[in-house]
2 protein chains.
Amino acid sequence: MSKNRDGGSSQPAEANRNTQSMSGPSDMPSMPYGQMRDQALRNRSIHTQLMEIVLSLRQTVEDNITQLMTRHQPQDLALEKQRHNQAVRDKVAFLGHLMFQMLHYLQSGATGDRSFQLPDTSMDSRVDVRGGQQAQSSRQICQTFYQRSDFEDTLISYDLYNRGIDISALYHSSFQDYTYQGNKYHKDENTLGYINLGTSEKKICIDLLAERLTRTDMLYIDEDLLQYPDWRGQPFLRKEVARFLTSDCKAPAHLDPENVVVLNGCSSVFSALAMVLCDPGEAFLVPTPSYGGFIFSTHLYAKVELVPVHLESQVTEASSYPFQLTVDKLEQALLGAKIEGKKVRGLVLINHQNPLGDIYSQDSVMEYLEFAKKYNLHVIIDEIYMLSVFDEAIPFHSVLSLESLPDPNKTHVIWGTSKGFGISGFRFGTLYTRNREVASAVSSFGYVHSISGVTQYKLCQLLQDREWVDNVYLPIYCFRLEAHRYITDKLKVLKIPFLNRGCGLYVWINLKQYLDPCTFEEELLLHCCFLDNKLILSRGKTFVLNQPGWFRLIFAARPLLLRSAIQRFHQVLVEQGQDWGVKQLEDAKEEVSTSQPAAPASLTLRKS
Amino acid sequence: MSKNRDGGSSQPAEANRNTQSMSGPSDMPSMPYGQMRDQALRNRSIHTQLMEIVLSLRQTVEDNITQLMTRHQPQDLALEKQRHNQAVRDKVAFLGHLMFQMLHYLQSGATGDRSFQLPDTSMDSRVDVRGGQQAQSSRQICQTFYQRSDFEDTLISYDLYNRGIDISALYHSSFQDYTYQGNKYHKDENTLGYINLGTSEKKICIDLLAERLTRTDMLYIDEDLLQYPDWRGQPFLRKEVARFLTSDCKAPAHLDPENVVVLNGCSSVFSALAMVLCDPGEAFLVPTPSYGGFIFSTHLYAKVELVPVHLESQVTEASSYPFQLTVDKLEQALLGAKIEGKKVRGLVLINHQNPLGDIYSQDSVMEYLEFAKKYNLHVIIDEIYMLSVFDEAIPFHSVLSLESLPDPNKTHVIWGTSKGFGISGFRFGTLYTRNREVASAVSSFGYVHSISGVTQYKLCQLLQDREWVDNVYLPIYCFRLEAHRYITDKLKVLKIPFLNRGCGLYVWINLKQYLDPCTFEEELLLHCCFLDNKLILSRGKTFVLNQPGWFRLIFAARPLLLRSAIQRFHQVLVEQGQDWGVKQLEDAKEEVSTSQPAAPASLTLRKS
């Protein structure tokens, strides 16, 4: 019955250990007194994950029924039929996939084998699957599933080995929500489709980019662009990146193209850094809640542990605003990791913070850098949201703007055009580091992580057109970010607490009041309610937050879409409020029937 | 003095073990009687590698001097000066890099620490660095080198950990030859630059591609192309790939787009397959000589051992033509690997074979597939040279053309446009497999190995323009492959034995007659002589051939370049012949002076 045909489970087990730290509650110090608690929490974690699967299963079955029912509506065009059939096939496939997962779970729980725990990772911004791809992958797994003659068979992969099973499972669990992308909302053609406010994409300016990128200057091709590229990134592009960042980061001196490495996306850059700065099993500190996409890429290759620095939503003595990152917290996390025997090699910062939207002040950044220097840590700082400040009163200071860095050889900046320009489809990520040894080592990864010459050329053309960027693109972008005001006004009306920052593409909202009890299970249930109403948000747990109830909502969408989204959002909360009332009523009734044979009506009223 | 600051060297040591099998002579069975021999061979391998570095060092110093001298020629344009300065800087940087490497070697030799062995990998086709990138990487390492105060410091990397050092060293050693690309030959501007007949690129048709790819139909962009892609490859491209392969492979039925996965290059596809089909330390069989580029990507991530199936250049009882792959040889290699306790999971075939140019007959392919089925092995078959048959008398049968496969679920085909269309800069590689579980698992890698939407669109447009492909591109391509006849005619005149195949972009030539003694050291020396004469070829050792003297020569270049190349080639052989004569003379003299005080002149004459 074991999926591990060679009797060894060390590899996946170790792999899971590496990511487990980012799954919140299961990451406790392994000291004697904590062991039982640790075990209990781990069991709870399995329980939670199992529940997630069951809920998704329920969701899928319900969707299937809905879909079958809506078929009878008078939308009898061939296209509609085709889409419908595809959707049904997707659902069935996904159902099979979920059953497959669940069986694995049950089996791993039953045998005590933890080698198949699905790490709980983000379904966040850069971890996205579009156009029904998830559904197809699911379908494949499903097919394998259905082709097997009995349950035992489903637990054995004949063609993937442990590592392959592990990666495939992590991928599918990470991208689970995006199955729904196969049934995307469209204002004319599919008004009942899913609205995605979960993926951090800037869809409000995509028309501007499409127009700029189809001008004839983009059509140029020379022979060098068609042959093997410079694995480090073409010199012309690295030069332009250095120039662009010099200007936009307000660098005190010209940045050097020799310090630039270009790979296919920021996650590739992060993965390559983790590969060269750490040996397997070593660790980085990551303040959480945090962008979860790095977890997948780290798990895929580098096997570097991401140790969370848990930030608290409450203002306390130790913090003057919610989720404040302080050096004290960093030191505590580092100490905790050291006690557990972990080798911490670096600190990962995202500025602006994702999902909070916080911009670190210049003083704070310096404190974090000094902390890192004190403990001989590398700092990887992701500034991909650099261009997404829309409130001029909020100053953003790139780490590249600092006159002097505490430890320039250990400070590595990641940037890309996926957020600021909204062209995630270009798969462009870049590293800026003064450390030539690190830049050189990361360049090695260009061999399997480079981008095409023609794409590099287009990026170069785009970045060097300052006239268009400054006078066309950025002003229109800022104007369209009125969407932020629209969303926050609605949230105020709905009395939903949120963090009000003047940057990013998202709002970090608090829906604790709709959870009863306030647990991750309830958070997931609420998430499923949104999905029921064809609305995708990102829930706090996928950002490795250790407190339930928070959600990230992308507002950088077009007005019509936002309006529909907020209607659905409101609808869910209304239903949720009603459910809550009913539940309270039932609880009270039960209480009455068990402990107080003749409870006064007032008690019930008071409780509801 | 140890570069391993944490006292542990298991990771790099293990990593090296994984690739060592592909370094030929050091890969002996670990049976008692073989151990001493094994050790001796390993020492010899270190010696050879050390010698390579010393020779490169010599080469670099000489180049530097030459460069400094040529500066005084009346080519005093600003551009020339700039290029000259850049070249000098590159050389100095590379010199520093080589010294850095050598120190590492010496140190690892002195302490018996093998954790820093540089695996000997290919500088082959897809392992290429263009436009001086290697030089820049070298410069960075060099800078680090020079910034350190003493030798001890140079042996410690303060910023990379063991894995990072290991990857960086492998990368730089693999791409060493391509430093010279910074000083490329140009018929007008740099007639003294290096001519590269080492990289498998089809430069004869690049003008056709550049023209086609700049037509206005290539300029189209829609919003979906700019946003997160389907990690498995955009559906429109997968559909077109399936259609193209159906036609070009003469598939008996339409190939299914659901079986297609698109990643950024064939090496990425191979790496992903190795990741999901094997656990670390497990192995694939690879008939050698073989394309060495997979070694780097396998070493980078998958840590899958490539076990060579050594083919012999001699026609023997077991083979009816040179380097024939037989099932007997596969079985022997598999048995040998099993005796050594290796878990072999698959067989890697390249058809057409690179560097031999052999096309496997349909019967042979079936035999290999049956062999794999018998032993429950996956077969990864790379058909990237599919479109490069220029002799119509030679039939090529894609594995996708077979009516039925012995084990379709374990047969995985790799293809791309780098060779057939010569657009390696597009970074396009694709997997075709009927195994949905494998396809799904490989799709997971799209997250860090996808290509940009705009590139996917262009590829789709290109593949679907059958009119252009069939009536413009392929006929002109075949016509221009007259270059093959030009080169082989020259080789005949020079009496150089070579394998005469009607396909591929390369000729596999035998220069054993110029080696005395016939060793890998002498092969390397000859390689250096070519470099001295600004000619880059690929030597047999980089293809993991276990017999010295063979070289791969790319002929798919423009006539003028080929003519200059063959002149340089001839010049080297003439010099080599003279050297050989002088050496024989000296040997004889020595013999005379030590053993025969009064040797007759006739002996000397006879020997020379």
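User: In this predicted model, which residue of β7(B) stands opposite B:Ile380?
Analyst: B:His412 stands opposite B:Ile380.

User: What makes β6 and β7 of chain B paired strands?
Analyst: Two strands pair if there are at least two bridges between them. Strand β6 (residues 378-382) and strand β7 (residues 411-416) of chain B have four bridges, in the parallel sense, so they count as paired.

User: Why are β2 and β4 of chain B placed at the edges of the sheet?
Analyst: The order of the seven strands in this open sheet of chain B is β2-β8-β7-β6-β5-β3-β4, with mixed pairing. Each of β2 (260-263) and β4 (305-310) has a single partner strand, so one side of each has no neighbour in the sheet. From one strand to the next, the twist averages 25°.

User: Which helix lies across β5, β6 and β7 of chain B?
Analyst: Helix α13 (residues 362-374) of chain B does, running at about 170° to β5(B). Helix α9 (residues 235-248) of chain B lies across β2, β7 and β8, at about 115° to β2(B).

User: What makes up the contact of α10(A) with α14(A), by class?
Analyst: A:Ala272, A:Leu273 and A:Val276 in α10(A) meet A:Val438, A:Ala441 and A:Val442 in α14(A). Ala, Val and Leu count as nonpolar, so the contact has six nonpolar, no polar and no charged residues. The helices pack at an angle of about 115°, with their axes 9 Å apart.

User: How do you know that chains A and B are related by a two-fold axis?
Analyst: A rotation of 180° with 0.0 Å of shift along its axis superposes chain A on chain B, with an RMSD of 0.0 Å. That is the two-fold relation. The copies meet through the same surface, because 100% of the interface residues of chain A are also interface residues in chain B.

Note on methods
Residues numbered from 1 in each chain as written. Chains lettered and ligands numbered in written order. Predicted model: local features only at pLDDT ≥ 70, side-chain atom pairs only at ≥ 80, totals over all residues. Axes fitted to C-alpha atoms, helices over the stretch in contact; angles between N-to-C directions. Helix = DSSP H or I, 4+ residues; strand = E, 2+ residues; numbered from the N terminus. Contact = placed C-beta atoms within 7 Å. Least-squares fit on C-alpha atoms with pLDDT ≥ 70 in both.
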